[in-house]
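Here is a short report on one protein chain. Please look over the sequence and the model before reading on.

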Amino acid sequence: MTGFKNPAPIVSEDSNAVRFGFTPQSENWNGRLAMIGFLSAILIEAFSGQGLLHFWGIL
């Protein structure tokens, strides 16, 4: 097919960019932040010898 211009899709999405809504990028960030929060809760319990809620004085 001569004369037919096949435009190439422009893919310039950054997989780590912060986007709002239910997008793969936001789900990646949600998972990363959940891992950081879970790890920090484990470290607080390991180093303080108390549960997370006792450490903050909630219980």
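The text below goes from the whole chain to single residues.

This is a predicted model, in which local features need pLDDT of at least 70 and side-chain atom pairs count only at pLDDT 80 or more, while totals for chains, interfaces and linings use all residues. Residues are numbered from 1 along each chain as its sequence is written, and side-chain values use heavy atoms, with hydrogens and water left out.

The protein chain has two helices and zero strands; helices are DSSP runs of H or I with at least four residues, strands are runs of E with at least two, and both are numbered from the N terminus. Of the 59 residues in the chain, 7% are buried. Buried means under 20% relative accessible area, exposed over 50%, and partly exposed in between, with a 1.4 Å probe and protein chains only.

Helix 1 has 25 residues and reaches 36 Å from its first C-alpha to its last, close to the expected 36 Å, a span given by 1.5 Å times one less than the number of residues. Gln25, Ser26 and Ala41 are buried in helix 1. The buried residues of helix 1 pack against helix 2, where contact means heavy atoms within 4.5 Å. Just after helix 1, glycine 49 has a positive phi of about 80°.

Two residues can be set side by side.

| Residue | Place | Relative accessible area |
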